[in-house]
Every structure is written in C-alpha cells, then in structure tokens.
Amino acid sequence: MAAVNREHKDRLFTFLFGEKGNKEWTLSLYNAVNNTQYTDPDSIEFTAMEDAVYMGMKNDISFILCHMMNVYEQQSTYNPNMPEDFEIREFLIGHKAEVKDMCITEYNEAGTLQMIREESREEGDLIRAKKTASNMLKDGDSIDKIARILELPADIIRSWSEEAGMLI
C-alpha cells in the first residue's frame with residue numbers, strides 16, 4: 001500500500017466532485033460509496049450549503065440524486081472502506097495546472113488568526129467609538145467636536161446620530 005499523504009487539500013476534493021462540469025466523477029463517487037450503478041450524471045443537482053466554508057476553503061459538497069440529499073466531505077486519513085479501483089488519474093493529468101495550483105496554496109493558520117484578532121479589535125473599537133459618540137451627543141457636544149476627538153469623519157458621527165434618533 002502506498003504511503004498516505006496527510007497534507008490533504010480540501011479544495012481539490014471539491015474541484016473534482018463538487019463542480020457541475022464534473023458530474024460524471026460525482027456520480028462515480030456516489031456509486032462507489034453506495035454500491036449503486038446509476039448512469040445518468042444529469043440527474044445530479046448540486047446544492048449550495050450555507051456556512052460550509054471553513055477558513056476560506058469550501059470542504060463539503062452536496063447534491064440531490066433521486067430526491068435524496070447527499071453530503072460528502074474529504075477525509076484527511078486513509079479509509080479502507082473506500083474502493084481502491086476509484087481511478088481519477090486521467091482527470092488529474094488532464095487538469096494538471098488547476099490541481100497543482102490547488103495543492104500549492106497553503107493555509108496560513110497564524111496569519112488567519114492574526115487577521116481575525118485584528119478584525120475583532122477593529123469591530124470592538126468601532127462599538128466603543130459609537131457608544132462614546134452617543135454619550136457625547138447626549139451631553140450636547142457637536143458632531144464636529146465628537147468627530148475630532150474620535151478621529152472619525154463627521155459623516156459617520158452624523159449617521160450614528162440619525163440611526164439613534166438623535167437628530168442634531
């Protein structure tokens with residue numbers, strides 16, 4: 001048995017089995033997993049799953065076949081239950097450039113977490129600024145003064161004021 005590559009790429013899985021142009025492969029996957037013999041790839045209707053994106057990569061495919069919803073997710077470990085004769089070699093060779101591009105792109109966990117922290121910090125800063133602006137408006141401070149202190153455009157303070165029903 002060949003060595004298992006644990007550096008999997010979910011995007012390759014969704015490219016192979018989740019694209020409308022690859023319905024034959026999706027049907028082949030379905031038949032292999034379910035021990036069926038369906039032959040009409042046009043009977044597959046792909047469905048979009050909301051919130052099925054993890055860290056910027058879609059890692060699930062879903063489709064309807066024979067009035068049944070099917071959801072598949074790529075595994076990162078070897079599964080002895082998967083038929084060994086499920087051959088996609090020719091397809092991969094035919095789409096070499098796309099496959100290579102998908103496999104080269106690496107997920108940067110540290111960079112992603114840093115981006116999430118920065119976005120959260122900015123969102124928190126904006127919430128605090130909005131609360132401060134609201135309090136200053138209640139105290140009778142002008143929009144221009146609030147904008148200057150918070151270092152924000154006066155239009156933003158004005159829109160917050162209108163949003164809160166504090167027309168000045």
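**Exercise 1. Describe how helix α5 packs against α6.**

Solution. Start with the geometry: α5 (residues 109-138) and α6 have axes that come within 10 Å and cross at roughly 145°. Here axes are lines fitted to C-alpha atoms, for helices over the stretch in contact, and angles run from 0 to 180 degrees between N-to-C directions. Helices (H or I, at least four residues) and strands (E, at least two) are DSSP runs, numbered from the N terminus.

A word on the source: this is a predicted model, where local features need pLDDT of at least 70 and side-chain atom pairs count only at pLDDT 80 or more, while totals for chains, interfaces and linings use all residues. Residues are numbered from 1 along each chain as its sequence is written, and side-chain values use heavy atoms, with hydrogens and water left out.

Next comes the handedness: α5 passes α6 in a right-handed crossing (left-handed if the near helix is turned anticlockwise from the far one by less than a right angle, right-handed if clockwise). Then list the contact (heavy atoms within 4.5 Å): α5 supplies A129, T132, A133, M136 and L137, and α6 supplies I143, I146, I149 and L150. Sorted by class, these are 8 nonpolar, 1 polar and no charged residues. For the sorting, Ala, Val, Leu, Ile, Met, Phe, Trp, Tyr, Cys and Pro count as nonpolar, Asp, Glu, Lys and Arg as charged, and the others, Gly among them, as polar.

**Exercise 2. Find the orientation of α7 relative to α6 and to α5.**

Solution. Take α6 (residues 143-150) and α7 (residues 154-163) to begin with: they pack at about 120°, with axes 8 Å apart. The pair is therefore oblique; angles under 35 degrees count as roughly parallel, over 145 as roughly antiparallel, 65 to 115 as roughly perpendicular and the rest as oblique. The crossing of α6 and α7 is right-handed. On the α6 side the contact uses I143, D144, I146, A147 and L150, and on the α7 side A154, I157 and R158. These residues divide into 6 nonpolar, no polar and 2 charged.

Now turn to α5 and α7, whose axes come within 10 Å and cross at roughly 70°. These two helices are therefore roughly perpendicular. In this contact L126, A129, K130, A133 and L137 of α5 meet I157, W160, S161 and E163 of α7, a set with 6 nonpolar, 1 polar and 2 charged residues.

**Exercise 3. Work out the strand order of the sheet and its edges.**

Solution. The open sheet has 3 strands in the order β1-β4-β5, with antiparallel pairing. Strands pair if DSSP finds at least two bridges between them. Step one: 2 bridges join β1 to β4 (residues 60-65), and E45 stands opposite I64 in β4. Step two: β4 and β5 pair over 6 bridges, with F63 opposite N70 in β5. Step three: β4 and β5 form a hairpin with 2 residues between them, and C66 in the turn has a positive phi of about 55°. Finally, β1 (45-46) and β5 (68-73) each have a single partner strand, so one side of each is left without a neighbour in the sheet.
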